[in-house]
Amino acid sequence: MTTKQLSVFIENKTGRINDVTRILGANGINMTAFSIAENADFGIMRIVVSNVENAVKVLREAKFAVSLTDVVCLQCSNTPGSLAKILDALAVENVFIEYMYAFSQGEIASVVIRPTDIETCIKVLEAHNIHN
């Protein structure tokens, strides 16, 4: 249910996202999820990958600033209100979510959550029979 997420700091410049994806691909590293947030000067590409250690190594060798963060990954039904029920359960237990991103495919939605308290988040999810 928990995994490591890479946060890669990239310049707001054409081609920098391509550089990250090209480097990972050339090293046989699959991106299973990602999101990009940006401001005027730089962006943060948050990535869940198939091989964390190698991804960090090859990106740092290419002079990218990379940090690691623990995140919670889960799946839920891709139906109206499913995510709301999960978030309600977390809110009742005062689990604050710093950020999250998600995607759906068919009947399943995959969600990546960065809570401030991972242990409590996992306990709440398990108590509500929510798994990855």
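Helix H1 (residues 16-26) lies across E1, E2 and E3 and runs at about 25° to E3, where axes are lines fitted to C-alpha atoms, for helices over the stretch in contact, and angles run from 0 to 180 degrees between N-to-C directions. Contact here means heavy atoms within 4.5 Å, and the element names refer to DSSP runs numbered from the N terminus, with helices being H or I of at least four residues and strands being E of at least two. The model is a predicted one, in which local features need pLDDT of at least 70 and side-chain atom pairs count only at pLDDT 80 or more, while totals for chains, interfaces and linings use all residues. Residues are numbered from 1 along each chain as its sequence is written, and side-chain values use heavy atoms, with hydrogens and water left out.

Taken as a whole, the protein has four helices and six strands, and from the N terminus on these elements follow the order β-α-β-β-α-β-α-β-β-α. The C-alpha trace spans about 40 × 30 × 25 Å along its principal axes. Among the contacts with a separation of 6 or more, 68% are accounted for by residues 24 or more positions apart.

The six strands form an open sheet in the order E2-E3-E1-E4-E6-E5, with antiparallel pairing; two strands are taken to pair if DSSP finds at least two bridges between them. Strand E2 (31-38) and strand E5 (97-105) stand at the edges with a single partner strand each, so one side of each is left without a neighbour in the sheet. On average, and with direction ignored, neighbouring strands of this sheet are turned by 30° against each other.

Within the sheet, strand E1 (residues 2-11) is joined to strand E3 (residues 42-49) by six bridges, the two running antiparallel, and Leu-6 stands opposite Ile-47 in E3. Further along the order, E4 and E6 are also antiparallel and are joined by six bridges, with Val-111 in E6 as the bridge partner of Leu-74. Val-111 also has Ala-102 standing opposite, and E5 and E6, again antiparallel, are joined by eight bridges. Another pair involving E6 is Ser-104 with Ala-109 as its bridge partner. The hairpin of E5 and E6 has two residues between the strands, and in this hairpin Gly-106 takes a positive phi near 65°.

E6 is mostly covered, as seven of its eight residues are buried, where buried means under 20% relative accessible area, exposed over 50% and partly exposed in between, with a 1.4 Å probe and protein chains only. Helix H3 (residues 82-92) lies across strand E4 (65-77), E5 and strand E6 (108-115), and runs at about 115° to E4.

Helix H2 (residues 52-61) has Val-52, Ala-55, Val-56, Val-58 and Leu-59 as its buried residues, and these pack against E1, H1, E3 and E4. After H2 comes Lys-63, whose phi is positive, near 75°.

For the protein overall, buried residues make up 39% of the 132 residues. The accessible surface comes to about 7,600 Å², of which 50% belongs to carbon and sulfur atoms; such areas come from the Shrake-Rupley method with a 1.4 Å probe, and for residues only the protein chains shown count as cover. The mean positions of the 11 positive and 14 negative charges are 8 Å apart. In this count Lys and Arg are positive and Asp and Glu negative, with His and the chain ends not counted, and the place of a charge is taken as NZ of Lys, CZ of Arg, CG of Asp or CD of Glu.
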